[in-house]
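Please walk me through this structure, from its helices to the contacts between side chains.

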Amino acid sequence: MSTRMRSFTKGVMWQMIGVVVTLSVVYLFTQNIGITASIGALEVFFKIILYYLHERLWDGIEWGKTKSGQ
């Protein structure tokens with residue numbers, strides 16, 4: 001079972017990748033740094049919380065897990 005800090009850290013790292021992709025796509029389509037920054041700020045806030053909750057939910061599901069030594 002993963003610790004909560006591990007889940008949080010994984011969420012932060014994944015978010016860093018995601019925000020770069022999102023900001024690049026938004027800027028490509030809008031060419032507006034203000035809109036890009038606004039969307040980026042919202043994305044960081046919501047997605048990191050959602051990823052953390054998703055990770056904790058899946059950590060509690062036994063399906064697909066193996067016991068050590070098997």
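A salt bridge here is a side-chain nitrogen of Lys or Arg within 4 Å of a carboxyl oxygen of Asp or Glu. By that cut-off, the side chains of aspartate 59 and arginine 56 meet in a salt bridge, with N to O at 3.8 Å. The coordinates come from a predicted model, and a search of the whole structure finds 3 salt bridges.

Helix 1 covers residues 4–30 and helix 2 covers residues 33–59. The end C-alpha atoms of helix 1 are 37 Å apart, which agrees with the 39 Å that its 27 residues should span at 1.5 Å a residue. Helix 2 also has 27 residues. From its first C-alpha to its last, helix 2 reaches 38 Å, close to the expected 39 Å.

In helix 2 the buried residues are Thr36, Gly40, Glu43, Ile48, Glu55, Arg56 and Asp59, and what covers them includes helix 1.

Aspartate 59 and arginine 56 both lie in helix 2, 3 residues apart, which is about one turn of the helix. An α-helix has 3.6 residues a turn, so residues three or four places apart point the same way. Both aspartate 59 and arginine 56 are buried.

A second pair in helix 2 is lysine 47 with glutamate 43, 4 residues apart and again about one turn of the helix. Their closest N and O atoms are 3.0 Å apart in a salt bridge. Glutamate 43 is buried, at a relative accessible area of 8%. Lysine 47, in contrast, is partly exposed at 42%.

The remaining pair joins lysine 10 to glutamate 55, whose side chains meet in a salt bridge at 3.1 Å, N to O. This pair links distant parts of the chain, with lysine 10 in helix 1 and glutamate 55 in helix 2, 45 residues apart. Which of these residues is buried and which is partly exposed? Glutamate 55 counts as buried because its relative accessible area is 13%, which is under the 20% limit. Lysine 10 has 32% and is partly exposed. Apart from its neighbours within four places in sequence, glutamate 55 is in contact with Ser7 and Lys10.

Next come the ends of the helices. Threonine 3 is found in the segment before helix 1. The side chain of threonine 3 reaches the backbone nitrogen of arginine 6 at 3.1 Å. With 48% relative accessibility, threonine 3 counts as partly exposed. The C-alpha atoms of threonine 3 and valine 21 are separated by 28 Å, the two residues being 18 residues apart along the chain.

At the other end, helix 1 is followed by glutamine 31, which lies in the loop between helix 1 and helix 2. What is the phi of glutamine 31? The angle is positive, about 55 degrees, although the residue is not a glycine. Most residues other than glycine have a negative phi. Glutamine 31 is exposed, with a relative accessible area of 52%. At the start of helix 2, a side-chain oxygen of asparagine 32 reaches to within 2.8 Å of the backbone nitrogen of glycine 34.

The salt bridge between lysine 10 and glutamate 55 links the two helices.

Methods:
Residues are numbered from 1 along each chain as its sequence is written. This is a predicted model: local features need pLDDT of at least 70, side-chain atom pairs count only at pLDDT 80 or more; totals for chains, interfaces and linings use all residues. Side-chain values use heavy atoms; hydrogens and water are left out. Buried means under 20% relative accessible area, exposed over 50%, partly exposed in between (1.4 Å probe, protein chains only). Contact means heavy atoms within 4.5 Å. The expected span of a helix is 1.5 Å times one less than its number of residues. A polar contact is a pair of N or O atoms within 3.5 Å; within protein, one must be able to donate a hydrogen and the other to accept it, and residues adjacent in sequence count only if both atoms are side-chain atoms.
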